Amino acid sequence: MNLDSCELLVSQFRLLSDYRAAVALDYFAEVTDQLLPPGEANDRFFRLLTTVLEHMRAPDSIGSGGVWRAVTYFSLWAARLSGFLPDLSVCLSCGTLLADGETRERAFFLRGGDGLMCAECRRAAGAGSYELSVESRVMAEEMLHKPVAQIGQTGWTRETCADLRRFLVQQIEQHVERKLMTPPVLEAE
Ligand SMILES: [Zn+2]
């Protein structure tokens, strides 16, 4: 159960005609290869892959930013299924709630850091942090509770949830203890 056997089931040939979609396939393959031990049958991960590939193949997907929805959804769930997606509603440094009902505090992350930080802890941590926007955290929440086909379909571009993908890629890289090769290509303008 890996991306190779998945490709045998359904040809991804049409996707390869779209450059960004082709790079996204390389990204799925790289992340899967890094996260799954060789030869391990992982049904939930396999279903995640088939779901996002299906979403990218849907007739109106490419024109409506389906690649970005698929890549974001895949990254979030790959981290979740592998057991290292941190709680996004709390500062992991001091325990402050970052989301309390409708109230949301600003949240930040550092390469090599665990999860999110509040503004206070970010100041103490010094330079080099990124912000994870409220919109992206709301989207992450939505993605954890809905199938990818039900995620808001309009207006997705490379900028949509780019901060969330950066955060997730850093979490994956930290977990596998190496830099991934495909994200810079995928996110290039
Ligand atoms: Zn804090």
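This is a predicted model: local features need pLDDT of at least 70, side-chain atom pairs count only at pLDDT 80 or more; totals for chains, interfaces and linings use all residues.

Trainee: Which residues are buried in α6?

Mentor: Residues are numbered from 1 along each chain as its sequence is written. A residue is buried if 20 or more other C-beta atoms lie within 10 Å of its own, exposed if 12 or fewer, and partly exposed in between, with C-beta atoms placed from the backbone. Helices (H or I, at least four residues) and strands (E, at least two) are DSSP runs, numbered from the N terminus. In α6, the buried residues are Ser136, Arg137, Met139, Ala140 and Met143.

Trainee: Where do the buried residues of α6 fall, seen down its axis?

Mentor: One takes the directions from the helix axis to the C-beta atoms and finds their arc. For α6 the buried residues fall within an arc of 160°, so they line one face of the helix. Val138 and His145 are exposed residues on the face turned away from that buried side.

Trainee: What do the buried residues of α6 pack against?

Mentor: Contact requires that the C-beta atoms of two residues, placed from the backbone, lie within 7 Å. The partners of α6 are the helices α4 (66-81) and α7 (162-176), together with the strands β1 (99-100), β2 (103-104), β3 (107-109) and β4 (130-132).

Trainee: How many residues of α4 are buried?

Mentor: In α4, 14 of the 16 residues are buried, so the helix is largely enclosed by the rest of the structure. As for length, the expected span of a helix is 1.5 Å times one less than its number of residues. From its first C-alpha to its last, α4 reaches 22 Å, close to the 22 Å expected. Glycine 83, which follows α4, has a positive phi near 85°.

Trainee: Which residues of α7 are buried, and what covers them?

Mentor: Leu164, Arg165, Phe167, Leu168, Val169, Gln171 and Ile172 are the buried residues of α7. Their cover includes α2, α4, β3, β4, α6 and α8 (182-187). With 15 residues, α7 reaches 21 Å between its first and last C-alpha, close to the 21 Å expected.

Trainee: Is cysteine 161 buried or exposed?

Mentor: Cysteine 161 is buried, having 27 other C-beta atoms within 10 Å. This residue is found in the loop between α6 and α7, and its phi is near 60°, a positive value in a residue other than glycine. Glutamate 177 also has a positive phi, near 60°, and lies in the loop between α7 and α8. Glutamate 177, however, is exposed, with 7 other C-beta atoms within 10 Å.

Trainee: At what angle do the axes of α2 and α3 cross?

Mentor: Axes are lines fitted to C-alpha atoms, for helices over the stretch in contact, and angles run from 0 to 180 degrees between N-to-C directions. Angles under 35 degrees count as roughly parallel, over 145 as roughly antiparallel, 65 to 115 as roughly perpendicular and the rest as oblique. The axes of α2 (residues 19-35) and α3 (residues 43-57) come within 12 Å and cross at roughly 175°; the two helices are therefore roughly antiparallel.

Trainee: Which residues meet there?

Mentor: Ala21, Ala24, Phe28 and Thr32 in α2 meet Phe45, Leu49 and Met56 in α3. By class, this contact has 6 nonpolar, 1 polar and no charged residues, where Ala, Val, Leu, Ile, Met, Phe, Trp, Tyr, Cys and Pro count as nonpolar, Asp, Glu, Lys and Arg as charged, and the others, Gly among them, as polar.
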